[in-house]
Amino acid sequence: MNKKRLLISVFATAITLGLMVCPTMAKEYLIFDRPLNLLGYATQGAGFSLSDRDRFDTEKGLQSALTNLFVEADYKISDRLKFYTSERLSVDWVYPLKHNDSSWHDKEFNRSRKNLNVDDEYWQILNEAHFTWVPENFLFRVGKQVVSWGETDGFRLMDQINPLDTRRGFADVEFENTIIPIWLIRSEYYPRITTTWLQDLGVEFVFNPNADFIPNQDIQLGNDQGGIWAPNIRFDDVDARLGSGAFQNVKEPGSFSRKGHEYAFRVKGVVKDTIVTLNAFYGKENSPIVKFADPLNPFPEVTIASDGKAIIHPGFEGKFPRFRFVGMTASKDIGFLKSQALGSVAPVLRLETFYAFNNTFTDALSVPFSQNTFKEFDEFRLAFGFDWKVRIRPLNQRAFFFISPQVFYRRIGGFSGPDPSGPVDWFDTTLTRMGKHNWTTSLFISTVYLNAKLTPSFFWLHDQEFGSDFFRLQATYDWSYNWRFTLGALLFSGKKLPGEENSTFKSNNSFDLFKHKDQIFFKITYKWG
Amino acid sequence: MNIVKRFLAGFLLIFFSLLLMTSVGSAQKYELGFEKLEDYKKPIDDPAPFYKNIEGFKKIMPADVYKKVTYDVDAMKKAWAEVVGFKAPDVVGKIAPEIKPGKYTYKDKEKFPFDKIMWKHLYDRFNAPASSGPRHVCNFTEIEIVPTRQYYHSLPVIEATKKHMDTATQDTQGYLLQESYKAGFPFPRPSGPFKAMQIMYNWDKSYNLDGEFYWEHVYGYTKDLRNDYEGMATAYTMRLQGRVKWEPLNWLDKRAQDQRESKVFQYMSFAPRDLFGNVINVTSYMDPNKFDLFLMYINSLRRIRRLSASDTQDPAVGQDMIYEDWQGFNQKLTPKRFPYRYDVIGEGEFLVPITWDGSPYMSTKEGYILKNLQFERRPMWVVQMTQMDRNYIYGKRVFYVDKEILYHVHIENHDQKGRLYRTYDTLWGFIPEMGTYNQFHTLALDHVDTHSTAYHSYSYPALWLNRGDVSMSGMIKMK
């Protein structure tokens, strides 16, 4: 396996260097007299810890050295038929670079190499591959693809069809490295309906035959599995931390099994200048819900970390629960909010919401009230945001500021069925503790200078429930249309929660789990095409 | 689950039934890709005569389509002269008559008063390129002056203009009463107290990109002439109201009529890589106070987003123009948002580059100069639009407009401090058999940050286009 990873790493480096000296690859070709567009990018990033002292859950100095190579080809077979494919290779060189680093070994980061050094699963390398046929008012797309729903950024509300890869945490990763394309059949129909109020209409149906079940690639527990982004879940009262878990009996639907089939339906239209969609989804959660495999022995393994603290390793079992919802999205610009003083640009309102039936939660981490059971609650989610461009002349004479606040609300239960109130704590598939009302807000601000070549931006995510925050400050500079440079910082803060509340044990949560992972990052991107 | 299965089966059955029932016959599509178009002429460093090579697009259009969009040249000449009331060759030659047709270099500026028949910016560009210091691209060192030619528009446009002459009316402030406009150029003989506005309304209602496939290759340069941007894009453009050239005439369809839509363009980026697959769809309305419907398919997000149509003042990525500079001038003429004062500040004749054979090109090996330029004396208006709202990015815009063609050739945009901020120069390409024009070479310059953007573009009639191609479904299909 190591030899394979080494070969892939070397191959990736060679291809990257080769493409960089051969920019003529960036053009349209004719194959059988039909156009083929070849394009892609290569990035080399590095992350450096800003931690003030040595801690078990972070590594001082270099933390990541991620290379991404992305190549895509778009081939128009005929006026109505085309083929698209993209291939991706991700290599984190920090593993070979720190191979002999004692700190890296002591903190067990080296053991996460198998998960995070080279992405060599076929579905990671073959990113997308699909045929698209567009006869008349129809569209059919078959193959490994992304179907993206929703209006908001950063929050995944409506966008539930494709799984996500969040193993590399909050690091600066591209969209192509985050959303995982899966094998889908997508069909759309656009009836030529015209009325005074309806300007456009489309009907979309997506079927997931579960050709290959690919779940969310979540951040793993424990340095030995999750690497540098493993969350620091602490049990201060017993001076221990939660380590990697053994996942037994987490049943994945088999290939083409009916149990893995998913159905997504959407009607979309432009109604009085508003983009409106009505959505329905019936399928599976992309992450498993877990409980302890043996409630009498929930932590079958205990090890000692290099800082002397105990690491307790849970033994989990679980399933990918049913997930079904109906919802809608809307997007419109709000003309009456246009202000001359701010530059006369109307903000755009983006909204998405759904009602989910019988979502599954676990009480496994609720101490001492855990029944180690699953329970179903209905759930309501709502997210809305504004995109607003405003003129702030003292700060930028030439361009506007883009300001985008968003609010994300989850209400668990309390409709016709039970709600999560009471002494028991309920956790979702990400082991995030859920109250009845859960709020998260975000704010994104950016602007451009130097003929839109320099783009500084600021992003802030606030978890209302746990009083914790994530900040990303970043500046990108497009030196040419091939080269881009990015410099930024990721900062986390969180309230240290009491270890106990109402006789219930509380672990820390949310961004507090990443409090020691502040980092500065730098990335070079070479694009062609 | 059984219900879901039945639903799935039923849905697929309906889908395929509709597919079978749908008419198979559709217009033949003769859309060329970059590789094929650039076989006729590369965007830079290529003196090939594009229009000659492509025979005025005859080579790439089906014969029956070509026949539909070409007309008797003499008939167009005669009819257009009747509409505008003159022929350009008859009204020029009065200023600096010693500058006769022939070949000149920039050194001849010492001998001849070119400053009398070139606006200052053009005169300054008629020079050897600087070898150091902040500079722009697209100077030119030699020109050929040809005898002034008569220009015209396509016969259906001329006939519509003639038919509806004097029907378009303006309110007491000079703004066009939109319902009074039917088709053609609304004011082919601008005059009276609102002459300047009439000149601008001719551009506003022009038939430039009125149902065409458009292709562009864009190069951006820093002040030391480093190429920092390269863009490639195609677009579908359609006129939805006042259609005169081919069916459907008048309104495109009932939706256009009900919604009072005037035009739509759908623009797909192929380069740079960040923008590959992005599709912009903009529908404009007859009512200038109604904002455009601005949709964008963002390929990196795989989503269609609604963008604010009032967000029109930020520069396009890597380029030296804003949304309201598209095609030179794309701003709505309305008293309610960034109104102007309109004045005709000059009339005269100027040397203007226009190409019939498509041989001009930018030579990157000779200092990024333009070559194979043919100039001719043209009768022009100079229109100044003074911005009344200090919050707008431009304080003043000055247009040099051809009196016979009714299109602008040079635009100067000044910022609120009165500095020359951006200029926009169009080297029009003329297709005489069609009576249509391409923005063959466009130069957008930023004079404050000293940055240049050079556009090389063509467009030709796309009779296969229908509503489906320029709506939400068209956006998805383009990707």
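Two strands are taken to pair if DSSP finds at least two bridges between them. Helices (H or I, at least four residues) and strands (E, at least two) are DSSP runs, numbered from the N terminus. The model is predicted: local features need pLDDT of at least 70 and side-chain atom pairs count only at pLDDT 80 or more, whereas totals for chains, interfaces and linings use all residues. Residues are numbered from 1 along each chain as its sequence is written, and chains are lettered from A and ligands numbered from 1 in the order in which they are written.

**View 1. The open sheet β10-β11-β17-β16 of chain A.** β16(A) and β17(A), the latter spanning residues 310–313, pair in the antiparallel sense over four bridges. In this pairing, V302(A) stands opposite I312(A) of β17(A). The sheet has four strands, and its pairing is mixed. Each of β10 (234–235) and β16 (301–304) of chain A has a single partner strand and stands at an edge, so one side of each is left without a neighbour in the sheet.

View 2. Leaving aside residues up to four places away in sequence, W388(A) touches P347(A) and I403(A); a contact requires C-beta atoms, placed from the backbone, within 7 Å. P298(A) lies 90 residues from W388(A) in sequence and 49 Å away in space, C-alpha to C-alpha.

**View 3. The fold of chain A, with six helices and 31 strands.** Of its 529 residues, 43% count as buried. Contacts between residues 24 or more positions apart make up 64% of those in chain A with a separation of 6 or more. Along the principal axes, the C-alpha atoms of chain A fill a box of roughly 65 × 60 × 60 Å.

**View 4. The side of chain B that touches chain A.** In this interface, 57 residues of chain B are in contact with 58 residues of chain A. Elements of chain B that each supply at least two residues to this side include α1 (2–21), β4 (227–239), β5 (261–271) and α11 (472–478). The largest share, six residues, comes from α1(B).

Key
Contact = placed C-beta atoms within 7 Å. Buried ≥ 20, exposed ≤ 12 C-beta atoms within 10 Å, placed from the backbone.
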